[in-house]
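Visitor: Can you walk me through this one? Keep it quick.

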Amino acid sequence: MADSTTRVALSGPDVDQIASVSWLQFGDLFGETEGFVCAIMDEVIKTRNYRKHIMKDGTLDICRACHRPGESLRHIVSGCSHLANGEYLHRHNQVARIVHQQLALRFGLIDFEMPYYRYDPASVLENSSALLYWDRTIITDRYITANRPDIVLVDRSVRRAIIVDITIPHDDNLVKAEKEKVSKYLDLAHEITAMWNVESTVVVPIVVSVFSRKASTNISRSFRLVVGSRVGYRRQ
Ligand SMILES: [Zn+2]
């Protein structure tokens, strides 16, 4: 982890350094996987771009998935049109499912935790303390374009609604991605407060860097706001 690429990446003012490396404390990865993740984070992966420019072995730098020039790691993890609707969407949904399951557990909407890859969120979960929507269009009186966030939670004990939307941008775009998510759902937040029996509605973007190399400074606050201390800091 002490490689210079990672150290530089973790040093920005918008980066939550503890959250960014906390995955290493969980100890739930195989050593080989952990090594592979670190290699990705340090960008030491034999992409065609790496072979051409670092190894200089004469490889033509064309993406094997979309066949466009430039098979860099950055292209593979966040810029390839061929992977957008498959792999990237799947990645986004897996993160959203983890957050959904933690919310459902916390509010007693489900009884036990299952492995995230087997968890299939119900469209609506409801009890006396909470209402939890998964990937549902919110019907509003006024026409609103952004009306289908990943998750909407109503915490009935405090009469508060929370719009949760997950995004996994490249490392360089964390702050921008966060701001975009908040402004995107502002209209919906106003409508929900006006229509539902809640005092306020907050938009909580969950922004995870694509390399998982850094977590935005807001991510711990976001998790605390949404699920208390159960996600992100479970060993502390
Ligand atoms: Zn590509």
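**The sheet and its neighbours**

Guide: Start at the hairpin of S4 and S5, with 4 residues between the strands: Arg159 has a positive phi near 50° there. Strands are DSSP runs of E, at least two residues, and helices are runs of H or I, at least four, both numbered from the N terminus. This is a predicted model: local features need pLDDT of at least 70, side-chain atom pairs count only at pLDDT 80 or more, and totals for chains, interfaces and linings use all residues. Residues are numbered from 1 along each chain as its sequence is written.

Visitor: How many bridges do S4 and S5 pair over?

Guide: 5, in the antiparallel sense. Strands pair if DSSP finds at least two bridges between them. Asp155 stands opposite Arg160 in S5.

Visitor: And S5 to S6, parallel or antiparallel?

Guide: Parallel, joined by 8 bridges. Ile162 stands opposite Val202 in S6.

Visitor: What's the strand order in the sheet?

Guide: S2-S3-S4-S5-S6, an open sheet of 5 strands with mixed pairing. S2 (124–126) and S6 (200–207) each have a single partner strand, so one side of each lacks a neighbour in the sheet.

Visitor: Why is S5 largely enclosed?

Guide: Because 7 of its 8 residues are buried. Buried means 20 or more other C-beta atoms within 10 Å of a residue's own, with C-beta atoms placed from the backbone.

Visitor: Switching to the whole chain. How much of it is buried?

Guide: 30% of the 236 residues. The chain has 10 helices and 7 strands.

Technical notes: A residue is buried if 20 or more other C-beta atoms lie within 10 Å of its own, exposed if 12 or fewer, and partly exposed in between; C-beta atoms are placed from the backbone.
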